[in-house]
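Trainee: I have a model open and would like to go through its architecture. Can we take it step by step?

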Amino acid sequence: MKYSHAAAALKKRSAVLRSHILDMMPPGKAGHLGGSCSIADVTAVLYFHHMNINEKDPKDPKRDRLVFSKGHAVLAQYAALVEIGYIDRKEISKIKSLGGVLQGHPDMKTPGIEAVTGSLGQGLSVSVGMALGLRMDGSRARVFTICGDGELAEGQIWEAAMTASVYKTDNITAVVDWNGIQSTGRLSEVFSIDRIAEKWESFGWHVIDIDGHDIPSIIDALEEADRITGKPAVILARTVKGKGFPFAEDSAAFHNAALDEQQFKAGREAVDQMMKEAKDEV
Ligand SMILES: Cc1ncc(C[n+]2csc(CCOP(=O)(O)OP(=O)(O)O)c2C)c(N)n1
């Protein structure tokens with residue numbers, strides 16, 4: 001598919017994010033490759049197209065907030081924060097080391113990180129609180145929250161979903177990274193979560209169902225979510241776990257794994273191919 005110039009530029013951004021994610025996982029160092037790559041395209045559109053951010057000030061009160069409720073996938077967010085310039089590129093190789101700015105799960109010491117997450121289920125509650133607080137302050141800032149489909153097994157997600165709906169929280173948009181796999185296998189085998197769209201609808205949310213790797217669809221979905229008033233919106237982003245790295249795609253094996261030398265090399269080749277394709281599409 002030929003993209004518009006803006007969409008092609010975003011495709012290139014998501015290739016760069018995947019490149020940084022790979023660099024956070026040199027051979028022998030474990031990391032959450034699968035869930036970071038499934039959400040990389042959504043992350044690129046949010047930071048480099050949709051959200052209002054101040055590149056000079058990660059704490060600008062007017063900024064839109066992005067919370068990774070599925071905190072283990074924060075590599076995608078770190079990659080974007082490096083590109084924005086909030087985090088020094090040199091921190092990439094220091095990830096998960098003592099004194100490093102980037103830890104395995106999100107911490108508010110890291111510039112651009114809005115909440116401590118990693119214990120699944122909590123980030124949506126934090127985000128609803130943020131959204132209500134911003135509204136009370138008369139702020140026009142919006143809150144975006146990335147949830148995993150496996151994470152939807154957490155009861156707290158549904159308490160937050162109810163709360164957002166009761167309080168007509170229309171300045172929050174949740175994105176469910178619907179890759180069909182959690183840490184140990186497919187949702188259908190580990191803990192089946194059926195009728196996801198109907199669940200959100202019955203909790204009072206406006207539901208948008210998209211291909212979570214198609215940049216124009218992501219752009220349109222975020223714009224649709226913005227237009228919804230009087231209720232929160234959720235984007236169900238159909239994705240592929242490990243997207244972009246053929247050896248890791250649609251597999252639970254790379255949920256949190258260390259690559260070997262050969263896989264890392266294959267990953268680098270995949271990134272080079274992604275960059276080339278992104279250029280060809282412009
Ligand atoms: C409360 C809690 N229970 C268990 C875990 C361990 N854990 C980390 S990731 C994960 C699976 C998450 O699956 P999903 O939300 O689908 O994430 P994705 O596949 O997109 O990476 C689990 C069970 C955790 N982090 N928090």
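Mentor: Start with a definition: two strands pair if DSSP finds at least two bridges between them. Keep in mind that this is a predicted model.

Trainee: How many bridges join β1 to β2?
Mentor: Pairing needs at least two bridges. β1 and β2 run parallel. Within this pair, V67 stands opposite T145 in β2. The number of bridges joining β1 to β2 is 4.

Trainee: Is β2 largely enclosed or left open by the rest of the structure?
Mentor: Take the two directions in turn. V143, T145 and C147 point one way, F144, I146 and G148 the other, and all are buried. That is 6 of the 6 residues of β2 (residues 143–148), so the strand is largely enclosed.

Trainee: What is the bridge partner of D177 in β5?
Mentor: Strand β3 covers residues 172–178 and pairs with β5 in the parallel sense, over 6 bridges. β5 (residues 233–238) is mostly covered, with 5 of its 6 residues buried. The partner of D177 in β5 is A237.

Trainee: And which residue is the bridge partner of D209 in β5?
Mentor: β4, helix α9 (residues 215–227) and β5 make a right-handed β-α-β unit. I210 has A237 as its partner in β5. For D209 the partner is L236.

Trainee: Which strands stand at the edges of the sheet?
Mentor: The open sheet has 5 strands in the order β1-β2-β3-β5-β4, with parallel pairing. Each edge strand has a single partner, so one side of each is left without a neighbour in the sheet. The twist averages 20° from one strand to the next. The edge strands are β1 (65–68) and β4.

Trainee: How many charged residues are in the contact of α1 with α10?
Mentor: The α1 side includes K11, K12 and R18, and the α10 side includes R268, K279 and E281. The contact also has 7 nonpolar and 2 polar residues. The charged count is 6.

Trainee: What covers the buried residues of α4?
Mentor: Helix α4 (residues 74–84) is mostly covered, with 9 of its 11 residues buried. Among them are L75, Y78 and L81. Just after α4, G85 takes a positive phi of about 110°. The cover includes α1, α2, α3 (40–50) and β1.

Trainee: Last one. Does K29 count as buried or partly exposed?
Mentor: K29 sits in the loop between α1 and α2 (33–38). Its C-alpha atom is separated by 9.9 Å from that of N256, 227 residues apart along the chain. A residue needs 20 or more C-beta neighbours within 10 Å to be buried. K29 has 14 inside 10 Å, so the class is partly exposed.

Note on methods. Residues numbered from 1 in each chain as written. Predicted model: local features only at pLDDT ≥ 70, side-chain atom pairs only at ≥ 80, totals over all residues. Contact = placed C-beta atoms within 7 Å. Helix = DSSP H or I, 4+ residues; strand = E, 2+ residues; numbered from the N terminus. Nonpolar A, V, L, I, M, F, W, Y, C, P; charged D, E, K, R; others polar. Buried ≥ 20, exposed ≤ 12 C-beta atoms within 10 Å, placed from the backbone. Right-handed = clockwise from strand over helix to strand, strands pointing away. Axes fitted to C-alpha atoms, helices over the stretch in contact; angles between N-to-C directions.
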